[in-house]
Amino acid sequence: MFDILIHGGMVLDGTGSEAVLADVAIRGDRIVAVGALVQAARATGTPLTNLAAECIDASGLVLAPGFIDMHTHSDFTLLVDGSADSQICQGVTTEVIGQCGFSAAPLAAQPDPSQMLGHMEAGVALDWRSFAQYLDRLQAARPAVNVAAFVGHGALRRVATANRSGAGSQAVAVPVPAPAPAPVPAPAPEKAPATGDCSAAEMQHMVQLAEQAFDEGAMGLSTGLEYWPGNQSPDAELQAMAAVAARRGKLYATHVRNRDVDCETSFAEALRTARRSGARLQISHIQPKYGAPPQAMALALEQIDQATREGVDVAFDVIPHEWSHTVVIACLPAWAREGGIEQTRLRLQDPVQRERMKHNPRPIWRLVSDGQWSRIVLLASQAHPELVGLDFAHIGRLRHCSPHDAVFDLLLDEGPAMAQLMWTSKNFDDADICLCLQDARCSVMSDTLAVSAQGPLQGTIGSLGGYGWVARLLGHYARDRGVLSLAQAVHRITGRPAERLGLRDRGLLREGAFADLVVFDPAQVQDRSSIAQPAQHPNGFVHVLVNGSWALRQGLRVGGVASAPLNGPTQRAGRVLRGD
């Protein structure tokens, strides 16, 4: 007898094949049968009540493997509240954290919370140090989704260089740059200072830490080359770290150094790193940003085609949204970040150095250097929640200052949480997104945080698409515009990322796979989130199971927070997925 039988629905198995009518049977945490199970039972006169303890009629609906979000930053939010309602309510059953060079482990002896993306003062003690200890803490938090974790190059570097400025410090100690005599025009592009290079001993320490992380369950390695300290790291360092991933057969995911004016050289650097190290490469959120030259996306795909012909194993992922997001502090030049948050705060209070910061030759967004403030919106602020949702042209007017000064003032107002201030911008081109979605090497992801609209994470937003990215892919791009078929769209968030990650028993709907399943109505799937109300669950998702346990049933969150009251005890059946 089966535990659960879902019958009468159209099955998309995650391979990209078109849907077929089939029944799916679950026993324990596994799918044990797929086929015409009800028809066979009726042929022998067996009533459905004898076939399964629970029978779910999915007529008119689609069954698919649980969706895999292969790029998130939920490393800390899942410790605060593992409900992950924003993901569960759109069918996501697996997340991959530790991206863009940020990971919650390893940690130095005296960790700096400001360097942990998504950190908040929520009573979670930073009392782990190794990768294994972090994964144990994560499992103890009982996440509602399965979680695979990459180790971040930035975390490795901070531990390896901790002794530069005394015991426990994670920041590189350098003198405060001398003030410029007057505001100056944008200088030539900065070069990484010598203090940014690692010594041979520090490099060896990083390699050892990476090897240990893989031994303890890391599923891959990531870099964030627009963020501190990745933006200070030379080719040789990146290649040495990617080589560790290559030796261990793990994926190397990179947020490249630039995706606007210098995007060709940045993609070339990523491909060169993979070629020389032998690593399997995943280019994160590949779409170029505002300021990129014409046809930049097509040229990037040509670069990837050439590398593939040369034997490089390379693929990429894309955010299905025109709105980009990041931490506000990333707009500062590299020298302004040196020495940690306290040194940055002192520099922001100095009028001369503040003026120098406005002429950053490498802004993470060209929208900033071009003064496109009406296209940049405050996304998250602990100090000023009343300003969230407003663009910076408006914020500047409210505060009677320039938008750029408003940015710096808001950073100061956040205090120790300065690194958690976030903004969003209309930075991507829809045509680039469509071009990516049509490429078979593409996966789709959120680049967001798993959160809940109530509880300790109430009011926390990771991105404008955090609550509706899947619905936008399946509804806006697949159904409404026909950019790709529904089967292809499902493949981009199931079988494709599972293959890249090496997840053998997830991402496909087949006998023997783990029972991560989503049942949805393709005609009703709709993203309801907006700038004014980003925390809106989408329409169209009916059932979700994680490892054979209900997480969403008849549109109601089982033991979580959704648009309807709680439906039973807390149900968190997710697991921490550790690499071999």
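This is a predicted model: local features need pLDDT of at least 70, side-chain atom pairs count only at pLDDT 80 or more; totals for chains, interfaces and linings use all residues.
**Aromatic pairs and cysteines**

Residues are numbered from 1 along each chain as its sequence is written, and side-chain values use heavy atoms, leaving out hydrogens and water.

Now the rings. The structure holds seven aromatic pairs, meaning Phe, Tyr or Trp rings (for Trp, the six-membered one) with centres within 6.5 Å; planes under 30 degrees apart are stacked, over 60 edge-to-face, and the rest tilted. Trp373 and Phe392 have ring centres 6.4 Å apart and planes at 55°, so this pair is tilted. Ring pairs also link Trp365, Trp373, Phe392 and Trp423 into a cluster.

Another tilted pair is Phe520 with Phe541, at 6.2 Å centre to centre and 40° between the planes. Phe520 is buried at 0% relative accessibility, and Phe541 is buried too, at 6%.

What about the cysteines? With a disulfide defined as two cysteine sulfur atoms within 2.5 Å, the count is zero. Cys100, for one, is in no disulfide, and its nearest cysteine sulfur, on Cys442, is 16 Å away. Cys100 is buried, with a relative accessible area of 4%, whereas Cys55 is partly exposed at 30%.

Note on methods: Buried means under 20% relative accessible area, exposed over 50%, partly exposed in between (1.4 Å probe, protein chains only).
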